[in-house]
Amino acid sequence: MPVYDWLASLWRTFVPYAASWAVVQAARVGVELDNATVTSALTAAGGTAYYGAVRFAEQRLGSHWGWLLGLARPPSYERPAKA
């Protein structure tokens with residue numbers, strides 16, 4: 001998998017976490033960040049970092065690392081045919 005595709009998969013994992021976190025923050029306008037909010041942000045960042053590290057290991061060290069994501073085989077993305 002090219003580096004771009006790997007980074008795209010990482011980005012596509014992070015964006016939903018970031019979007020949901022932004023929605024929660026928008027709903028709490030004027031409220032200072034409390035421990036629960038900080039924990040949520042760190043969970044999103046930690047989950048994204050974990051995913052990226054396991055995907056990297058899976059590509060460089062072998063598919064058996066994929067079990068740390070629940071399945072040993074990563075998804076395959078087909079490129080659309082050029083018209």
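Let's start with burial: of the 83 residues in this chain, 18% are buried. Please keep in mind that we are looking at a predicted model.

Now the surface. The accessible area of the chain is about 6,500 Å², and carbon and sulfur atoms account for 67% of that.

What about the fold? The chain has two helices and zero strands. Its radius of gyration is 16 Å, while the globule rule gives 12 Å for 83 residues, so the chain is more spread out than a compact globule. If you like to picture a box, the C-alpha atoms fill one of roughly 45 × 35 × 20 Å along the principal axes. And for contacts: take the pairs of residues at least 6 apart in sequence, and 41% of those contacts join residues at least 24 apart.

Let's walk along the helices. Helix α1 covers residues 3–27, and A18 sits in it.

On to helix α2, where I'd like you to find R55 and E58. These two are three residues apart in that helix, which is about one turn. Their side chains meet in a salt bridge, with 2.8 Å from N to O. Why might such a pair form? Side chains of opposite charge can pair when their charged atoms come close. How many salt bridges does the structure hold? The structure holds one. And R55 and E58 are both buried, so each has under 20% relative accessible area.

Which residues make the nonpolar surface patch? They are Y50, L61, W65, L68 and L69, and together they give a patch of about 480 Å². Let me pick out L69 from that group. Helix α2 spans 35–61, and L69 is found in the segment after that helix. L69 has 36% relative accessibility, so L69 counts as partly exposed. Patch residues need over 30% relative accessible area, and the 36% of L69 is given on that scale.

So, to recap for anyone new here: two helices and zero strands, a salt bridge between R55 and E58, and a nonpolar patch that includes W65 and L69.

Methods:
Residues numbered from 1 in each chain as written. Predicted model: local features only at pLDDT ≥ 70, side-chain atom pairs only at ≥ 80, totals over all residues. Heavy atoms only, no water. Patch = residues over 30% accessible without salt bridge, like charges linked within 9 Å, V, L, I, M, F, W, Y side chains within 5 Å. Areas by Shrake-Rupley, 256 points an atom, 1.4 Å probe, with all protein chains shown as cover. Salt bridge = Lys/Arg side-chain N within 4 Å of Asp/Glu carboxyl O. Helix = DSSP H or I, 4+ residues; strand = E, 2+ residues; numbered from the N terminus. Buried < 20%, exposed > 50% of the residue type's maximum accessible area, 1.4 Å probe, protein only. Rg over C-alpha atoms; globule rule 2.2 N^0.38 Å. Contact = heavy atoms within 4.5 Å.
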